[in-house]
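This note sets out, point by point, what a colleague may wish to check in the model shown here. Please read it alongside the sequence and the coordinates.

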Amino acid sequence: MPVKKNRKMDVRWHSALFSTLALLSIFVSTEAAYKIGVGRGDCTGPSAEIVFMGYAKSGQKGCGIHLRQFSRAFIFDDGENRVAYVTVDACMMNHGVKKAVLKRLGELYNNTYTTNNLILSGTHTHGTPGGFLMDVMLDLPNFGFVEDTFDALIDGITKSITRAHESMVEARIFINSGELLEANINRSPASYLFNPEEERAKYPYDVDKDLVQLKFLRSSDDAPIGAINWFAVHPTSMNNTNCLVTSDNVGYASILLEKSVDTAALPGQTSFVGAFASTNLGDVSPNIQGPKCINTGEDCDKNTSSCGGENKYCIAFGPGDMNFSKVLNFSDSTEVTGSIKYIHQFVDMPKQTATIQLENGTKQEVKGCLPAMGYSFAAGTIDGPGEFDFTQGSTSSNPFWDLIRDFIFPPTPEDSACHSPKPILIMSGRISLPYEWQPEVVATQLFMIGNVILAAVPGEFTTMSGRRLRDVIKQEVIDNGGPEDARVIVAGLSNVYTNYIATPEEYQLQRYEGASTIFGPHTLTIYLHIYKELAAALITGSTIPDGPSPPGFPDSLLSLVTPVLFDTAGWFNDYGDVTQQPPDSVKIGDTVTVKFIAGHPRNDVMHDKTFLTVEKLEGDDWKVIATDADWETKFIWTRTVIFKGQSEVEIQWKIKDGVEPGNYSIRHFGNYKYLLGGIYPYEGRTKLLIEVLVQTVFFSEQYTLLLSFGKNPRTFSLNVSLSHSQRKQFISEAISIISEKIAN
């Protein structure tokens, strides 16, 4: 099983905090409306033997599911213009994904949805299958392109948009925000300190602490139909040892928010659609206890995030035992009114220029560079260290790594000068075989809904980069006659992925974020210029060029991922046979573990279905109380005999508070691939699980033990005066005695 230490608590802490805060703010009275549609689609990718995207660890392959991936779509229409914003439980998005989604939508709705009025944004979870980005370097850790992952995303995203399209109703929009503390930290504070002191003095924290929410209420009955929340934090609560598909902290927060509104529904089946989307999270970690040297317990080096010169020991951890009930209530909200506008432009970043003013007052023209990654990129971060002898903060090169680099992709002197002080490790912009390694043409885009502006950015803006972008856009909106109270929201990792965008000052230290700013030190400067022009054109109605189209990719993409060849159940077994039954009795807090003979999960990703159910017997019927989309369940797949194609699944169900006494059973659903061709479904069910629910209630010095057994539960109450040291012994002996009496 993957080692998560206290990261699991981290996910629950952040997710519960986010969703509770969001829930407190969604209920207000309303009047009249835009037309708004909300929709959700299951986009879970192949959950076994596909490398996860995010930590760039080729050994981090999927072994099952903890939380399913969902795409959540929100469509807004003012009668003249329509825009669609989609946030997806995936690491990021890219041109190919958006192009494929638009092709599907065009077949359904003609030109209703286009490149210009659709934003696709990845939540940036690091726990989902990769191989869908097409650019060689981005798919390289995944052994190339993975068609199963790509198709699963296209299917789920398209389905979420079609469901939103078909659910359009009159509704109103409200915006509010609140400060959320003890939920994020800056993982590169040394870089942040390179920003001007007078600029840093304008902000109380070195990360954004505001959670911003747009909420949507149906006009006919004031019922909430959806909400989008933006909070700056990396979804890296689950570390790079995790092998279960997960939407991580923001995905779990979305599920909690949706279930808090639609309490009777299972995850992914609520009518209310609530999302936690990405923003300027580039240098922001959820692991608020900060980094420590796990080999010594001492603090890591602040500039290099290393321990004795080695980065692999410097790791950040989550909050652990913190006060989960501490939330903020910001019920005040402002209605969003006004027209809807949008603008989009493709930009060839290495060909862009901008003008900066030096300290002596002179102006200087700067330009973008061909894409390149620096040495510190290979060092990783405190959320997931890299390999070999790389450390963050590297501004000098190594002859050994330079020799390897120059053999594959040597930079020119002009490249080195353009990227300085970054020592170039991978000169991706100089490679075109077998096709593009990193994007050069990027998508820039703005939506305006009333006074709210969504700035869709093609990568991970750091805290200060995001602040500068918001300020520039807002000022340009006001200067061109737009609303004085304009609210700018950075929609991160949208449409295409170009790694990081650090400020020019942060770039100088060359920590991970600076080393991963692929277009050179003036990347942000160029983006500020571009988005300033977009904002002016948006407000004034000016026409701007579409820009150069992104290059196409060949029909056959590089892939070393082998398909599933066949499955076998063994000579004396069948698919769905139970190899480990549940215990006869369990109690609240226990984890039930069962095992089944299984087929490969890649045979069917089971969209809008599940690989497992936990079911309660009610009369003659079984009621599903949990699926593989629930936090309390885990679906874990392993190969048992590789050359025979045999495999097994382990299903875990942690019994949480509130589970009622009664009879339960666990079912597994799957598909196997026959040796001679064809994929066929199967299912299996465990024996009846007779649950023993133990509940201890405190009445001064009295403890009451409640147990119920079997199909017709009987309850026994024992009131006994106990000392503290006698409690465990009492419960154990009482269970034994009463079980014996019932059996007799």
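1. Helix 10 (residues 463-479) lies across strand 25, strand 26 and strand 28, and runs at about 140° to strand 28. Helix 13 (residues 523-540) lies across strand 18, strand 25 and strand 26, at about 40° to strand 25. Contact here means heavy atoms within 4.5 Å. Axes are lines fitted to C-alpha atoms, for helices over the stretch in contact, and angles run from 0 to 180 degrees between N-to-C directions. Helices (H or I, at least four residues) and strands (E, at least two) are DSSP runs, numbered from the N terminus.

2. On the basis of the note: this is a predicted model, in which local features need pLDDT of at least 70 and side-chain atom pairs count only at pLDDT 80 or more, while totals for chains, interfaces and linings use all residues. Residues are numbered from 1 along each chain as its sequence is written, and side-chain values use heavy atoms, with hydrogens and water left out.

3. Which strands form the open sheet, and in what order? The order is 18-25-26-28, 4 strands with mixed pairing; two strands pair if DSSP finds at least two bridges between them. Strand 18 (340-348) and strand 28 (487-491) stand at the edges with a single partner strand each, so one side of each has no neighbour in the sheet. Neighbouring strands of this sheet are turned by 15° against each other on average, direction ignored. Strand 25 (residues 441-449) and strand 26 (residues 452-456) run antiparallel and are joined by 5 bridges. In this pairing F447 stands opposite L454 of strand 26.

4. The structure holds 4 disulfides, a disulfide being a pair of cysteine sulfur atoms within 2.5 Å. When the bonded cysteines of the protein are numbered in sequence order, the pairing reads 1-2, 3-5, 4-6, 7-8.

5. C63 and C243 form one of these disulfides, with sulfur atoms 1.9 Å apart. The link of C63 and C243 is right-handed, with 55° about the S-S bond. The pair links distant parts of the chain, 180 residues apart: C63 is in strand 3 (residues 61-65), and C243 is in the loop between strand 11 (224-230) and strand 12 (244-245). C63 has a relative accessible area of 12% and is therefore buried; C243, at 14%, is buried as well. Buried means under 20% relative accessible area, exposed over 50%, and partly exposed in between (1.4 Å probe, protein chains only).

6. C300 is joined to C314 by a disulfide, S to S 2.3 Å. The torsion about the S-S bond of C300 and C314 is about 115°, so this disulfide is right-handed. C300 lies in the loop between strand 15 (290-293) and strand 16 (314-317), and C314 in strand 16, 14 residues apart. C300 and C314 are both buried.

7. C369 is joined to C418 with an S to S distance of 2.0 Å. Here the torsion about the S-S bond is about -90°, so the disulfide of C369 and C418 is left-handed. C369 is in the loop between strand 20 (363-367) and strand 21 (373-374), whereas C418 is in helix 9 (residues 413-419), 49 residues apart. The relative accessible area of C369 is 1%, so C369 is buried; C418 is buried at 17%.

8. D383 is placed in the loop between strand 22 (380-381) and strand 23 (384-385), and it counts as buried because its relative accessibility is 2%. Its side chain makes polar contacts with the side chains of R187 (3.4 Å) and N287 (2.8 Å). A polar contact is a pair of N or O atoms within 3.5 Å; within protein, one must be able to donate a hydrogen and the other to accept it, and residues adjacent in sequence count only if both atoms are side-chain atoms.

9. The aromatic pairs number 21. Rings of Phe, Tyr and Trp (its six-membered ring) pair if their centres lie within 6.5 Å; planes under 30 degrees apart count as stacked, over 60 as edge-to-face and the rest as tilted. Y375, F388, F390, F400 and W401 form one aromatic cluster.
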